[in-house]
Amino acid sequence: MTATQDRPAAEIGKDRRRKEDQRLITGRTRWTDNITLPGMLHLAMVRSPFAHANITSIDTEAAKASPNVVAVLSGKDFGEELGACINAWPITPDQKTPAHSPMPADRVAFAGEIVAVVVARTAAEARDAAELVDVEYDELPAVVGIKNALKDEVLAHPDLGTNKSALWVFDSGEAGTGTDAEAAITEARANGIVIEREYRQQRLIPAFMEPRSVVVDPTSEQMTMWSATQIPHILRFALAATTGVPESKIRVIAPDVGGGFGGKLQATPEEWIAWAVARRLAKPVKYTETRSESLMAAHHGRDQVQTLTLAADKDGKVTGLKVHLDADLGSYVAIVGGGVPVLGAFMFNAIYKFPAYRFECQTVLTNTTFTDAYRGAGRPEATYAIERLMDELAAEVGVDPLEIRERNWITHEEFPFTTVAGLEYDTGNYEAATAKAKASFGYDELRREQAERRERGDRVQLGIGVSTFTEMCGLAPSRVLGSLDYGAGGWESASVRLTPLGKVEVVTGASAHGQGHETAFSQIVADRLGVPFEDVEVLHGDTQVAPKGLDTYGSRSLVVGGEALVKAVDKVIDKAKVLAAHLLEANADDLDYADGRFTVRGTDQGKAIQELATATFAGHDYPEGMELSLDADATYDPVNFNYPHGTHLCAMEVDTETGAVKMRKYTCCDDIGTIINPLIVAGQVHGGLVQGIAQALWEEAVHDEAGTLVSGSFVDYLLPTSADTISFDVVHTDEPSICTTNTLGTKGVGEAGTIASTPAVVNAVVDAVRHLGVNDVQMPCTPERVWRAIHANDGDAPTPADAMPHFQEGSLNQDEGAGA
Amino acid sequence: MIPVKFDYLAPTSVEEALSALGEHGDEAKILAGGQSLLPVLRMRLNAPEVVIDLGGISSLRGIRDDGDAIVIGAMTTHHDVRDHELVKEHVLLISKAAAEVADSQIRHRGTFGGALAHADPAGDLGAPALALGAQFVIAGAGGTRTVEADDFFVDLFETAIGDDEILTEVRIPKHTGWGAHYEKFVRVAHQWPIVAVAATVKGSIDEAKIGLTNMGSTPLRARATEAALAGASATEDGVRAAAEQAAEGTNPPSDLNGAADYRQHLARVLTGRAVLKAAGV
Amino acid sequence: MTKIELTVDGAAVSDDVEPRMLLVQYLREKLGKTGTVIGCDTSNCGACTVHLDGTSVKSCNVLAVQASGRTVTTIEGLADTAEGDLHPVQEAFRECHGLQCGFCTPGMVMQAVDLLGENPNPTEEEVRLGMEGNLCRCTGYHNIVKSVLHAAETQGAKA
């Protein structure tokens, strides 16, 4: 009896428990900070307390004399071997990009920037000595906040002459994908409806649970870096490109990585400094950040001011949309940096048939922590803006928010559909997702209850929020990325090989950090190759094991990396077929392959793939001209993005006395094409939802006027707990819209929950109190903001003049952070 | 991150602890449950040369009935205070507030006396201790003295405990049969209270005692509201009207979680709610 | 240096440590118990949760010297994993997909064991409140709560 006969019929679609979990639930883990090497030294960073200052002197004598200190080094102790932190996506040819040294010798540009590194025999002694490094600064004026930066009065980098980094524009009239947005707005001002709003995407911190950590071992021929990163392959490339060490001498390993959410998609100063110190001292080194350091110096996300103009006819049919973004890059243009808001450019039109669209994005530099990708990266911001606007339009027209969407969305018969932003959506069914979500949510009943509470004037009011989102994910077609001046491609690589005893090793260039690739990829290979799920071993996250890859971000691993796997498996089957035909003394054309076994049609003769693997290993009997292996590599470059979508419905209770908000129910119906593992998909959705909900309700990174991060610990940067969240109602359409641009029919799901949920929650909060004269509450919707919004017009809750120094007055429709 | 180096002393009696404190004075820091102290040391916001751990002094732990008062040893954990039958029967407000301190793990380590001596105005135990008229027993070289709650809380993180003294126990007058409620307002569960109100009432309502958390540099009494409630009947309208005076004399902070005027508004609303719940309305 | 002697995951250990060493650092650096991890410096995240004399504590908020003479159980000592055994709570986290990246998981599991010890049949709300001292960034807590409730059921069934 062969193993294949024990294999269940189909792995794809099965809620397999994860292979990863046995280790993780028993503490048998290999986080970077767990790694200890003989002779390893420990680093502590000396960071600037000032947001902007010239470094006038650094006295390291006392630190060097501290017990067990090996070296104290600052920027001037290094030359070009220190390398540089790169920007891989200059969004315009004339983008202003300040030089970004991992450890500048002359001037710091944000509070938390590293000015010196202490190397000692223990981490504690390194920290002790770091306190003794005496740095003298000549403080410079700091620019904090987008609106301050735009004034160009105080400059984040004086040598650039301006804070404005780049202006990126898309205009459907000019691109030929639609008509002129300005004309539509002019027309609507005369004969229709114009909604004008300013929305603030507050600054967020990815706040992965595992703080970043890096170990560098220079003691073998290839220098090895272990890092808590999402992007081992990109790190290897960037280290080689900037430090002068050939790629062939660099090995980067991402061992167990504790979450990333975009926050570990970076080439960090800490990694570069650890690399340089290890090279200099020829000893292994380790640096693990504290949570405070992580919040202060690991990149932040979001941080935009969105100025929006939506034009519609009197029935609420949208005729044009104009978007102007001002986006805060922070102190440097980080690896993706200004590209993040540009990723949103194609998504403001969302699921709708807008005839005219104009998008402008102005990026600015400030003296704050640099910003970059955070879960969704550009698309949550776009989705928030349009889904909030559609609710405002519904209120203006006086119809249900779902009705206004239906009047504007692409109907399922209209796919494939080329949008006003120029993307071709292959499949989707917004009607089906909405119908299923409404039914599961109990939409009509909740609307009735809302009406009753309003009628009674209840202290606690009920609001219902809608978000009908789509996103472009599966980053990305390499040619498209090239056309956007992105510095890399979007392909993914896979290898499949059979071991002599018939197990299957799968190598992927994706780099999981909690997603469950080992399980889902095993399911794909088990089905495609016809082998037991348990016999598939997925290898990843080490550039010597998986030499080619573009890593994990942008909901790409399954839809791009999974497709590469399929192609590699198919090549293995093709190779095996030649050997099978030889051994079975049959014509290859007479062989069928199913359940891991070649059979000669019309006979009971056959060979299992495992037998062929063993035969290949032995090499005793094989056909002339056959390469003696069943291994195959494949690289897949997608032809299009893919476009998951869904309808999210949220019910929020608002205590009108205190402004406190409480989630009552949350239903989402996501259409993500073929589902490989429903258990993993549900987990991705739940986690995504809470990150999006957290933006709506709790999280905000706040810098004070001097550029110091006020929300610098988990005491002040408020992550929700189990006690603050609810259980979610997650459903899917009965007949998913299968993706037509990959074999598996899958669409990305890693970011969907985050992209969709934020506007659903804020729409619900606003809906609960709209009858009290509220049409917006700035995020996060703190009780205080909700309370002030309710009482904005009755004098009960005056806006305090200077009680909250991080807020300024004088905004379009809300209070605004200093970050604005 | 790791604290700066310090010497560690683990006395096994109050006398030993006092003598250690006398010897090291300003350079020493008392470690009770450590749940507030250790984060401070780890962030290197404080760098004592000596840490004196009271964990080995068994006489500081425990809860006893002392006639007209319940006496809680300073080193009794929040978890034990919350669940103790004597506390629930005679000073229910303390049990309710202890249940709201931080989280389960912190309540297993954090101590009643340590939290009160730390005197964080956002701490959950100051307001109920103040409202119940607790007496603080403080040991020093010259013997013990007892300080009334009104005199105990001096300022932000400052109490009547001298540098060479140790809080040994807290006597809380019995309020047997009084209803109680601790109304805590937070944005996320693991947060310090933005505002909280500790209310305990006799009958409905013969007498009310109300403490406010995080409405000034120390816990405060809402005395005007207490006066308005005494002898009033516990109707929703009556209680809410009395609660309108709850913010009188308060001076709350303004920070990311709320401006002072918003906190004063919250104090009024939450006082009404706390009293109504305490009265069982 | 101060000499400490304690029992960790069933084994007697003794070491000279600096008084400033945190229990979590002692577990990780001296004993190699790297299953217990550090996620913050303000005792908010709970990733370092272990049992000290049978109750859950945050081991970043306890000095190693304070654990002397006492018994510590970490995620690595919860079941005889060398024999392939899992504690019912560990099994429930696997069954209900109560983890993704797994970094918060040791702390979550240890706190859940404590919670169920005190309240073997919790409601969903009691679970949510009982786990409030542990942060997770991946799961949105949905499946963690489900895991704890599932563990309560299976433990009840075995009892």
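Hi everyone, let me start between chains A and C, where the count is four salt bridges, a salt bridge being a side-chain nitrogen of Lys or Arg within 4 Å of a carboxyl oxygen of Asp or Glu. One of them pairs A:Asp33 with C:Arg28, with the closest N and O atoms 2.9 Å apart.

A quick word on what we are looking at. This is a predicted model, where local features need pLDDT of at least 70 and side-chain atom pairs count only at pLDDT 80 or more, while totals for chains, interfaces and linings use all residues. Residues are numbered from 1 along each chain as its sequence is written, chains are lettered from A and ligands numbered from 1 in the order in which they are written, and side-chain values use heavy atoms, with hydrogens and water left out.

Back to A and C. Contact, meaning heavy atoms within 4.5 Å, involves 52 residues of chain A and 43 residues of chain C. The two chains bury about 4,100 Å² between them, with 55% of it on carbon and sulfur atoms; buried area here is the accessible area (1.4 Å probe) that two parts lose on being put together, summed over both. On the chain A side, A:Ile25, A:Met209 and A:Ser722 lose the most area to chain C, together 19% of what that side buries.

The rule also finds 25 residue pairs in polar contact across this interface, both residues at pLDDT 80 or more. That term means a pair of N or O atoms within 3.5 Å; within protein, one must be able to donate a hydrogen and the other to accept it, and residues adjacent in sequence count only if both atoms are side-chain atoms. Which helix gives the most to the side of chain A that touches chain C? That is α19(A), with eight residues, where helices are DSSP runs (H or I, at least four residues) and strands are runs of E (at least two), numbered from the N terminus.

Now to chain B. An automatic or database assignment gives domain 1 (7–56), domain 2 (58–171) and domain 3 (180–278). The centres of domains 2 and 3 of chain B, taken over C-alpha atoms, are 21 Å apart, and each of these two domains puts 22 residues into the contact. Together they bury about 1,800 Å², 64% of it on carbon and sulfur atoms. In domain 2, B:Leu93, B:Pro121 and B:Ala131 lose the most area to domain 3, together 27% of what that side buries.

How many salt bridges cross between domains 2 and 3 of chain B? The rule finds two. B:Asp124 forms a salt bridge with B:Lys184, again with closest N and O atoms 2.9 Å apart. Among the elements of domain 2 that touch domain 3, α8(B) gives the most, with five residues.

Last stop, chain C, whose assignment gives domain 1 (2–77) and domain 2 (81–158). Their centres are 21 Å apart over C-alpha atoms, and the contact takes 19 residues from domain 1 and 13 residues from domain 2. The buried area is about 1,200 Å², of which carbon and sulfur atoms give 59%. C:Thr49, C:His51 and C:Ile75 supply 40% of the area that domain 1 buries there, more than any other three residues. Here the rule finds zero salt bridges, but six residue pairs in polar contact, both at pLDDT 80 or more. Thanks, everyone!
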